[in-house]
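Me: I'm new to this one. Can you walk me through it?
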Amino acid sequence: MNQFFFGTFPYIALAIGIIGSIARYERDPFTWKTSSSQLLRRKQLVMGSILFHVGVLVIFAGHFVGLLTPIWVFDAIGISHGAKQTLAVVAGGIAGIMALVGGGMLFHRRWTDPRIRKTSSFADIAILAMLLMQLVLGLFTILVSLEHLDGHEMVKFMSWAQGIFTLDGAAASYIADVALVFKLHIILGLTIILVFPFTRLVHMLSVPVRYFYRPGYQIVRSRRQTPLPERRGTKAASSHTTPAE
């Protein structure tokens, strides 16, 4: 079971996450959007969205750098395993609480407002609930990590994550004896990657780079009380138009 969840399932989740995202972008590009409900209720969305997105971005960056940076790099620049573990606990704890509070506000807004609930799909609510559960599990892992501030447990997860990307067949064995809460956290994280292409989370892959170089334009709303006069030739052209068979 350990081999499947931590040696095989990561490849299944990554494959579906990557291939599914590409397929959705190519096949259904008009569904690649955030489906924002800002117009329905703005105030709670702004505060919750800022807390949630900032917290999640910090957590994502911390996991990416902390797990995939080779151990020898930290040793070379003089960062001990204990210092790295302490930094992960402090920064991850603050970011996790921010994301949990913000996500809770977003979930409450989407679940309790009748208009927003009406425009929300099952996937919208389910993925937000999964993310909240993942944040709760992540915060619980901090309680366990406080008992291992020497960084020894952190090295296990680094070895596992890097082993997955280097196709190390023994990767699953590196975390065989870690606490259950860590394993649940990893399994749920992989499940989120697996369902990623089928949810609104895909919008996080769309970085609006083109906004920096696209030509500027301005939309102006007319204050005219009466419609503009018809242009010359418009009426004549329309009189010769016949409905399609």
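Me: How many helices and strands does the protein chain have?
Reply: The chain has 9 helices and 0 strands. Bear in mind that this is a predicted model.

Me: And what pattern does it follow along the sequence?
Reply: It reads α-α-α-α-α-α-α-α-α.

Me: How much of the chain is buried?
Reply: 32% of its 245 residues count as buried.

Me: What about contacts between residues at least 6 apart in sequence? How many join residues at least 24 apart?
Reply: 80% of those contacts do.

Me: Let's get to the packing. At what angle do α1 and α7 pack?
Reply: About 55 degrees, with the axes 10 Å apart. Helix α1 covers residues 2-27, and helix α7 covers residues 152-165.

Me: What does that make them, oblique or roughly parallel?
Reply: Oblique, because roughly parallel needs an angle under 35 degrees.

Me: Is the crossing of α1 with α7 left-handed or right-handed?
Reply: α1 passes α7 in a right-handed crossing.

Me: Which residues meet there?
Reply: From α1, F6, P10, Y11 and L14. From α7, W160, G163, I164 and F165. By class, that contact has 7 nonpolar residues, 1 polar and no charged ones.

Me: Now α8. How do the axes of α1 and α8 sit?
Reply: They come within 8 Å and cross at roughly 25 degrees. That angle is under 35 degrees, so α1 and α8 are roughly parallel.

Me: Which hand is that crossing, left or right?
Reply: α1 passes α8 in a left-handed crossing.

Me: Which residues make the contact of α1 with α8?
Reply: On the α1 side, they include F5, F6, F9, P10 and L14. On the α8 side, K183, I186, I187 and L190 are among them. The classes come to 13 nonpolar, 3 polar and 1 charged.

Me: Switching topic. How many residues are in the largest nonpolar core?
Reply: It has 31 residues. W160, I175 and I186 have the most contacts inside it.

Me: Which elements give two or more residues to this core?
Reply: They are α1, α2 (43-68), α4 (81-112), α6 (122-145), α7 and α8 (180-195).

Me: Back to W160. What does W160 touch?
Reply: F6, P10, A171, A172, Y174, I175 and I186, leaving aside residues up to four places away in sequence. F6 and P10 belong to α1, and W160 belongs to α7. I186 sits in α8.

Note on methods. Residues numbered from 1 in each chain as written. Predicted model: local features only at pLDDT ≥ 70, side-chain atom pairs only at ≥ 80, totals over all residues. Heavy atoms only, no water. Axes fitted to C-alpha atoms, helices over the stretch in contact; angles between N-to-C directions. Helix = DSSP H or I, 4+ residues; strand = E, 2+ residues; numbered from the N terminus. Parallel < 35°, antiparallel > 145°, perpendicular 65-115°, else oblique. Left-handed = near helix turned anticlockwise from the far one by under 90°. Contact = heavy atoms within 4.5 Å. Nonpolar A, V, L, I, M, F, W, Y, C, P; charged D, E, K, R; others polar. Core = buried A, V, L, I, M, F, W, Y, C linked by side-chain atoms within 4.5 Å. Buried < 20%, exposed > 50% of the residue type's maximum accessible area, 1.4 Å probe, protein only.
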